[in-house]
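Open the structure in your viewer and follow along. Each stop tells you what to select and what is there.

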Amino acid sequence: MRLTVFGATGGIGREIVGQALAAGHEVTAVVRDPARFTLPGAGPGTPGLTLFRAELADPGPLREVVGGRDAVLSGLGLRKLSDAGLVTALTRSVLTAMEAEGTRRLLVVSAAPLAGHPDGEPLLDRALSAVVSTVLTKLYADLRTMEAELAASAVDWTSVRPPRLLDKPLTGVYRTAVGGNPRSARTIGRADVAHAMLAMADDPLTVKQCVGVAY
């Protein structure tokens, strides 16, 4: 597949790029600063990889890198409370560029607490989620707004909702739940989130759906 990856310098974005290249896909990694893109064994000149420098606030230049792609994957995420509103704004630029080019498939990263609790969720998990949601209220509000804009768009979107993210090697073993969260969804590695997103890229059952993913 021909893929474009936004947020390619972040933890999930780098994993998407690396795993996609290893699977033989053609990847365009969109970055603000190519010098910040670090991936063992990959860089300028790597077969199948193109680094594209762009500021995501302007959708105009992004049309070049989303046009003709089989799928667009966004690893854009929120790192601190002051980032609230940023993911929606940047995703809006991506959506505008995709709609202008007629590119259909988009996968983004959201967060598990937006889904609420599955039936039978243990009280401890409910309590932990409530605490996290209270602390990160503004960030989750941003993600809800982003998901609302996805739902109103013309693209075939999937919002992947992980719980607490870990830095650990790829396992390829995790649970998914279309339209909700797996029970007791507490953690998942960034590498496995990337693996799940790539697996969903050509899965019609995840189109226009929010999908929980966790160990």
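Leaving aside its neighbours within four places in sequence, which residues is methionine 197 in contact with? Select methionine 197 in this predicted model. Its contacts are Ile12, Ile16, Leu73, Ser74, Leu107, Val108, Val109 and Val160.

Now widen the view to the largest nonpolar core, which has 29 residues. Pick out Ile16, Val17, Phe37, Leu73 and Met197, the members that touch the most others. Next, colour the elements that give two or more residues to this core: strand 1, helix 1, strand 2, strand 4 (71-74), strand 5 (105-109), helix 6 (190-200) and strand 10 (209-214). Helix 6 gives the most, with 6 residues.

Move on to strand 2, residues 26-31. Is this strand mostly covered or mostly open? It is mostly covered: 5 of its 6 residues are buried.

Zoom in on valine 5, and you will find alanine 29 of strand 2 opposite. Then trace the chain from strand 1 through helix 1 (residues 11-22) to strand 2. This β-α-β crossover is right-handed.

Last stop: strand 3, residues 49-53. Strand 3 pairs with strand 2, in the parallel sense and over 5 bridges. Select threonine 28 here; threonine 50 in strand 3 stands opposite. As you look along the strands, remember that in a regular strand the side chains alternate between the two faces of the sheet.

Note on methods. Residues numbered from 1 in each chain as written. Predicted model: local features only at pLDDT ≥ 70, side-chain atom pairs only at ≥ 80, totals over all residues. Heavy atoms only, no water. Buried < 20%, exposed > 50% of the residue type's maximum accessible area, 1.4 Å probe, protein only. Helix = DSSP H or I, 4+ residues; strand = E, 2+ residues; numbered from the N terminus. Pairing = 2+ DSSP bridges. Right-handed = clockwise from strand over helix to strand, strands pointing away. Core = buried A, V, L, I, M, F, W, Y, C linked by side-chain atoms within 4.5 Å. Contact = heavy atoms within 4.5 Å.
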